[in-house]
Amino acid sequence: MSYQFPDNLNYADTHEYVLEENGLLKIGVSEFAIDQLGDIVFVELADQGATLEKGETFGTIESVKAVEEVYLPFSGEIVSVNESVIENPELLQNDPIGEGWLVILKPELKASIADLMTSEEYQSKVVPK
């Protein structure tokens with residue numbers, strides 16, 4: 001499979017991507033990680049309004065192969081949850097970077113996106129040359 005690594009995304013070591021928009025952070029899971037999971041059957045996400053710390057779990061993704069937790073790369077308040085992904089887990093599998101985003105976070109402090117990997121760094125980590 002050929003994966004997309006858009007230049008406007010940054011990535012955590014745990015395969016979450018972050019897109020910064022107007023001071024908010026849209027968070028999802030990379031195409032690579034979704035492909036590794038296989039067929040996704042269930043998605044559970046933290047509630048809108050929840051305040052979580054960096055590194056805390058904000059949800060789980062269940063596939064026919066495994067159940068994986070997803071982690072926040074920054075502390076903050078979840079201001080939006082993608083209910084469509086909860087109702088239709090196929091969205092996450094078919095379009096993880098577009099319609100398959102998971103949550104939007106209002107970071108506690110100015111999030112330092114530079115602490116995350118660039119698309120190029122992440123790509124070199126997960127795709128063998």
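# Legends to the close-up views

**View 1. Histidine 15, at 22% relative accessibility, counts as partly exposed.** Buried stands for under 20% relative accessible area, exposed for over 50%, and partly exposed for what lies in between (1.4 Å probe, protein chains only). The model is predicted: local features need pLDDT of at least 70, side-chain atom pairs count only at pLDDT 80 or more, and totals for chains, interfaces and linings use all residues. Residues are numbered from 1 along each chain as its sequence is written, and side-chain values use heavy atoms, with hydrogens and water left out. Histidine 15 belongs to the loop between β1 and β2; strands (E, at least two residues) and helices (H or I, at least four) are DSSP runs, numbered from the N terminus. Although histidine 15 is not a glycine, its phi is positive, at about 80°.

**View 2. Asparagine 22 is another residue other than glycine with a positive phi, near 55°.** Its place is the loop between β2 and β3. Asparagine 22 counts as exposed, at 82% relative accessibility.

**View 3. One salt bridge is present in the structure.** The term covers a side-chain nitrogen of Lys or Arg within 4 Å of a carboxyl oxygen of Asp or Glu. The partners are lysine 125 and aspartate 13, whose side chains meet at 3.6 Å, N to O. Lysine 125 is part of helix α4 (residues 119-126), while aspartate 13 sits in the loop between β1 (10-11) and β2 (16-21), so the pair ties together parts that are 112 residues apart in sequence. Lysine 125 is partly exposed, at 44% relative accessibility. Aspartate 13 is exposed, with a relative accessible area of 56%.

**View 4. Strands β4, β6 and β7 form an open sheet in the order β4-β6-β7, with antiparallel pairing.** The edge strands, β4 (40-45) and β7 (67-71), each pair on one side only. On average, neighbouring strands of this sheet are turned by 20° against each other, direction ignored; the axes are lines fitted to C-alpha atoms, for helices over the stretch in contact, and angles between N-to-C directions run from 0 to 180 degrees. Five bridges link β6 (residues 57-63) and β7 in the antiparallel sense, where strands count as paired if DSSP finds at least two bridges between them. Within this pairing, isoleucine 61 stands opposite glutamate 68 of β7.

**View 5. Val41, Phe42 and Val64 make a nonpolar surface patch of about 280 Å².** Patches consist of residues with over 30% relative accessible area and no salt bridge, nonpolar side chains (Val, Leu, Ile, Met, Phe, Trp, Tyr) being joined within 5 Å and like charges within 9 Å. Accessible areas come from the Shrake-Rupley method with a 1.4 Å probe, and for residues only the protein chains shown count as cover. Valine 41 lies in strand β4. With a relative accessible area of 45%, valine 41 is partly exposed.

**View 6. The largest nonpolar core has 27 residues.** Such a core is a set of buried Ala, Val, Leu, Ile, Met, Phe, Trp, Tyr and Cys residues joined through side-chain atoms within 4.5 Å. The members that touch the most others are Ile27, Phe58, Ile61, Ile78, Leu92, Leu102 and Val103. Two or more residues of this core come from each of β3 (24-29), α1 (31-37), β4, β6, β8 (76-81) and β9 (103-107). A second, separate core holds 13 residues, among them Tyr3, Tyr11, Leu19 and Trp101. In soluble globular proteins, nonpolar side chains tend to be buried together.

**View 7. Strand β9 has four buried residues out of five, so it is largely enclosed by the rest of the structure.** β9 runs antiparallel to β3, joined by three bridges, and isoleucine 27 stands opposite valine 103 of β9. With β8, β9 pairs in the antiparallel sense over five bridges. Here valine 81 stands opposite valine 103.

**View 8. Leucine 25, in strand β3, is buried, with a relative accessible area of 0%.** Leucine 25 and valine 70 are 15 Å apart in space, C-alpha to C-alpha, and 45 residues apart in sequence.

**View 9. Threonine 118 lies in strand β10 (residues 117-118).** Threonine 118 is partly exposed, with a relative accessible area of 36%. From threonine 118 to glycine 49 the separation is 28 Å in space, C-alpha to C-alpha, and 69 residues in sequence.
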